[in-house]
Structure formats: C-alpha cells, structure tokens
2 protein chains.
Amino acid sequence: MRIILLITACLLTAVPGQAQDLQFADLGTLELESGEELLDCRIGYRTFGALTDSRNNAILVPTWYGGSSESWIKRQTELLGEEHGFFVIVVDAIGNGVSVSPSNSETQGGDAFPEITTRDMVRSQYRLATEVLGLEHLHAVMGISMGGMQSFEWAVLYPDFMDHVVPIAGSPRLGGHDVALWEAYKRLLAWSAECQCDEAAQTMMALRLVNGTTSDQASVPADSVSARIDRATPGMDPGIAMNLIRQADAMNATDVTLSFDGDWEAAAEAVKAEMLIIVGSSDHVVTPGPAIAFAGLLGDKAELVVFENDCGHNIPGCEMFRSRALISEFLRGN
Amino acid sequence: MRIILLITACLLTAVPGQAQDLQFADLGTLELESGEELLDCRIGYRTFGALTDSRNNAILVPTWYGGSSESWIKRQTELLGEEHGFFVIVVDAIGNGVSVSPSNSETQGGDAFPEITTRDMVRSQYRLATEVLGLEHLHAVMGISMGGMQSFEWAVLYPDFMDHVVPIAGSPRLGGHDVALWEAYKRLLAWSAECQCDEAAQTMMALRLVNGTTSDQASVPADSVSARIDRATPGMDPGIAMNLIRQADAMNATDVTLSFDGDWEAAAEAVKAEMLIIVGSSDHVVTPGPAIAFAGLLGDKAELVVFENDCGHNIPGCEMFRSRALISEFLRGN
C-alpha cells in the first residue's frame, strides 16, 4: 500500500520522484506580503511515509534557517521515530538554495531577489499542498527554529487547514534581541562575502559561539573558543550569503499579528488548531519570550513546554527523548 | 578635617590636584604579566572623601570597560550615597584613554601598545596605592563589570591588602560565551576603525543590542531595534578602537587561577578578604556562572547576591536601591 500511495502522490507532483528524493513543484508567480512578485517560484520538497486512504495523516514540515529538506532526514527519525505512520512533507523554505533563492533564480538572482517573509514561505507551502499535492487538510504542521516561526504563521494564516501545530524553538514575532541578532548576522554575511577575509569569518564564528549556544560557560569551554574563532577561514559564497540575508529578513518580518493590526489577542483567537509549543529557557537565538506569551493567550488551545536547561538553541536535539515522547503523544492525541 | 586630609593625600600624589579632579601618577615602567614592559605607565585617578587619621577607610575602585574615573562620579553617589564616610580612590584602568593607552602613549602608541591583562591593571593600582598614596591597607576594593574582574584579581593577587572586595557584574575568569563576545567585538572595532562605514557601525550597534541588555523582548522593543541600528553612524577613532581592543583582551585574560595552575580551589583558598559578589541572572555581557561558582568555593568568605531580573548587564543600575543597601551594610559590617 505504501508504494501505491507514493506513486499517487508522485503523479500529483510537477517533477516525479521517489519518496525521500528531492522533488520540485513549479508554482509560477508567488504574490508576496510586500506586494511584490516572486517569479518562477520553484519549491523543493521531500515526502516520507505514505498518505492513508482517508488522507488524514499528512504532516507538513517547513525547514529551519539555512536548512533544507535533506537536513531534515536525520531529524525526522529522531523526532518522530522510525515507524511513525505519518505522511511527512518536508518543504524547502524559499531562499534556502534549493527552492527559489537569490543563488539560483534566473529571473531575480542576487540582489534582485525580492525581500520575503516567513508568511511568503508559508503561502508557497500552502500552494504546494493544495495545488500540487491535492491536499485539502493537514494533520499537522511542525517545524524547528525558522520552521517554528513558519508553523506559527500557518496557525493564523490557514487556521482551518490543520488540526495540530508544533513550533519548536520558534517565535510568533521576534523580540528585539532576536531582531538585533539577525541584523548583525546579515551585515557579517555581506562583509564576509565581500572581503573574503579572516576577520569577517572569525567575527561570524564568534557571534555564532556567543548566541548559538547558551551563556553557561560549560557548553562553550573558554579554552576552545579562541582557537575555534582563529580557525575560521574565509570562503563565504556571495550567493549563499544573499540567501541567508533574505532568510534573516524573512525571520525578522515574522509576525502573527500582522493581519490583526498588531493585536495579539485577535491573533490568538484566530488559531483553531491545537498547538504544542516547545521552547528552551536558555535559547539565545530564538528567545522564548514571545512564544511563551502567545501560548498564554491561546489558553486551552496550546500546550506549552519550556525546557529549563543549558542547551541554548539546541532544542530539541538536547532533549530528543522527551521531545519525541511529547510530540508523539500530542500528534496521536486526536 | 576633610580639607586637611585631602591636602595630605594630594601631597603624596605625583601631580597635585583637588579632590574629584583628575590626577596622574607616573609609575615609570610596569612589568606585565606577559613578561613585556609597559613604558611610561601614567595612571589617572580621582579621590572622593577624606582619609581618616587611622587610615582605615580607603576604598579603591577600578573602572569598567571603556569607562573612566569621570564616569564613576555619578555612580558613586548611587552606590555609596552622599555621606558615605569613605576615602574613595577611583583609578582609570590602563587602556581607557586617560591612563596610559594605545591612544596616548608616546613610546608604545597604537599597535605597539603591549597586550595587557586585568592583572596588569591591578598591579598598576597597587603601585599607585602604595608608592604614590602611601597606603598600606585598603578597607575595600569595589568595581563594576571589568572593574569587578579587577576586583576578583585584587582578591587573589594582594589578599592581605584589603578587608572587603565587592565585584559587581564581574567575573573571576570569563566563560566561553563572554570570550567569544569580546573576540567578536574586537574585530568589529578594527573593522569600524578601518572602513569608517555604515555597515560596521551598524553591526556594532546590533551586537550591543543583542548582548548589552537582556534576551527578554521587553527591554529592547523589536520595533525600535532596526531604527536604532540603521541610525548608527561611522566615526570610530582608530586610537579609541585600539584602546578598547586592548581592554577587551585584558578582560579575556582575566583568570584568578593563573597563579594556582588553574586550580579553582587553591585560588579560593588564597582569598582572605570578605567578598560581596553581586551578579545578574540575565547578564549576557559578563555571564554570572563563573562568579557564582567561585562564590561557592569561597564558602563563608563570600556573600553571593544574584539579582533575578531582566536587566541584563545593567546591574547595579537596575537594582540601585537594593545594591546600595547591600553594599553599605557589607562595607560597614566589620
């Protein structure tokens, strides 16, 4: 049955392929939040597992910052287990170098690539799910980090389209700390791509060590920090730098209240899915404050899990067993 | 009596001046931790209040990163109150642009200025206190941030020389997070001084917003972050940049265990003063982990105060009333 269903799914795709293999859907023009148009919007994705006859087991997974559907493969088993029974659609986020991006767009390459938001990524995923995969409903949307931000946006943009939403280390609207982090990172990317110099590469590595982990000294031994920074070498590809700049802007534009005149309560009221919101107390990349606040407004619609640990942004990796159990129970709850 | 004693103090200084006015002591050559020599070591300082006949009320205050004895003036009243009864000696840390620094050294200016450590700053202060001010004992050493690091070093370098040590938002040895932060900041300083460009100035501002405050979004509203970053303008003076680079290296070299082969317990055992160690739970500039750990090793010799708030590195400013009460009680305890 699995094979038959996979073939069915493939017939619906623009570019046929095997399950887990990278496939592409050509969506044509994507209308952007900004009013601009993203031309030749080609979206990469991979599917895992099989859609049931009742078509009620599809989970859509948007990718994290700089990540791809390929980078999800290992994570999937960690988070869902080997035999999860779901039909998982992992979608390469716009700007990740697989889907349409500054580095690969023939019509809007490099600087000409329009600024995007995580909402635009979500719109491309909705079109993939409905127009290409022929789905009318998703069991769940689940994502980590920038994938968690997209999950939040899914919950307010298409509230009737899924039963469950699981943002992990995500944010419904970035706090000032996070916005500043990406503003710094964007400029370091541009500097690195331009100068191809040790100083820029080392500064980027230092910033990653500052925020990518936790403030607890145990997780980043001081002795190794200077050595790791000194070892950082130039080689930032300008196309990849522009991809990461556009995705950073997309994260900074994340805002579930956008359709509600900035009203958090109205945004929370619009959510219809059950949400499992997982954050880390020591996360200095996507700080947990906004997700915790939004969970509070969601009331009974949300289950909030705050991992109190020193893992920084490295959740769920750091809490894999507990995360898997929580997610498994939550996704099978209904 | 106050006036007479102030004149006495001034007679002992190399360059006479009024209380609170900037004075200078020329220490000649300072032997550095590295084995190198810092030539023409001129140290700026200001004194407040009067030394008692029994000469038992002197408090030495090292300055914070980029700060000066002038920048202490306001803080002093906040921390000690108007009528504190102490003879406060605020010493400009080497490299702050007032004391001998890359920006003002005639013999070792700019890049030629040797790398220094917070221990070297402390040695210059010890020589000022003993050789110039004729003091044989201090009631206390107290400092904020980099001043707190110097306070920790005072406690192990000259354990018999003072009764009390009060490091505020300081660290006995920087954790990996903090080291990485200063490694990033140093390179941004150099870039800013070299390119005099918007991008570098904006990246520095962004990094300040990321770490200078807390990760809680309330303290840095997201809406204002981008505007504040965009407003940052070039103008980093190369001399000042080199001052800040050398002071950043000095902080990263802070290590109270240096004379004890990295043995924390031996370092703690060497301390003889009573210590009041004040840190903030959300401090992302000088993370509190190492200070808390060291306080644990000090046992009865230390009182540890952890402010659980969202003020980031802005302690004691954010907890001025409680800090003043704590410090006042502690300094008058014996």
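The following legends describe close-up views of a predicted model.

**View 1. The contact between chain A and chain B.** In this predicted model, 34 residues of chain A are in contact with 34 residues of chain B. On the side of chain A that touches chain B, at least two residues each are supplied by α5 (176–195), α6 (198–211), α7 (222–231) and α10 (289–298) of chain A. The greatest contribution to this side comes from α5(A), with eleven residues. By residue class, the side of chain A that touches chain B comprises 18 nonpolar, twelve polar and four charged residues.

**View 2. Strand β4 of chain A and the directions of its residues.** Strand β4 of chain A spans residues 42–48 and is mostly covered, with seven of its seven residues buried. Arg42(A), Gly44(A), Arg46(A) and Phe48(A) point one way from β4(A). Ile43(A), Tyr45(A) and Thr47(A) point the other way, and these residues, too, are buried.

**View 3. The pairing partners of β4(A).** Strand β1 of chain A (residues 23–26) pairs with β4(A) in the antiparallel sense, over four bridges. In this pairing Ala25(A) stands opposite Ile43(A) of β4(A). Strand β6 of chain A (residues 87–91) likewise pairs with β4(A) in the antiparallel sense, over four bridges. Here Thr47(A) stands opposite Ile89(A), a residue of β6(A).

**View 4. Ile89(A) and the largest nonpolar core.** The largest nonpolar core has 209 residues, and Ile89(A) and Ile89(B) are those with the most contacts inside it. When residues up to four places away in sequence are not counted, Ile89(A) touches Tyr45(A), Thr47(A), Ala58(A), Leu60(A), Val61(A) and Leu133(A). In soluble globular proteins, nonpolar side chains tend to be buried together.

**View 5. The two domains of chain A and their contact.** The domain assignment divides chain A into domain 1 (2–175 + 254–331) and domain 2 (177–247). The C-alpha centres of domain 1 of chain A and domain 2 of chain A are 25 Å apart. Their contact draws 28 residues from domain 1 of chain A and 19 residues from domain 2 of chain A. On the side of domain 1 of chain A that touches domain 2 of chain A, the residues divide into ten nonpolar, 15 polar and three charged.

Definitions and conventions:
Residues are numbered from 1 along each chain as its sequence is written. Chains are lettered from A and ligands numbered from 1 in the order in which they are written. This is a predicted model: local features need pLDDT of at least 70, side-chain atom pairs count only at pLDDT 80 or more; totals for chains, interfaces and linings use all residues. Two residues are in contact if their C-beta atoms, placed from the backbone, lie within 7 Å. Ala, Val, Leu, Ile, Met, Phe, Trp, Tyr, Cys and Pro count as nonpolar, Asp, Glu, Lys and Arg as charged, and the others, Gly among them, as polar. A residue is buried if 20 or more other C-beta atoms lie within 10 Å of its own, exposed if 12 or fewer, and partly exposed in between; C-beta atoms are placed from the backbone. Two strands pair if DSSP finds at least two bridges between them. A nonpolar core is a set of buried Ala, Val, Leu, Ile, Met, Phe, Trp, Tyr and Cys residues joined through C-beta atoms within 7 Å. Domain bounds come from an automatic or database domain assignment.
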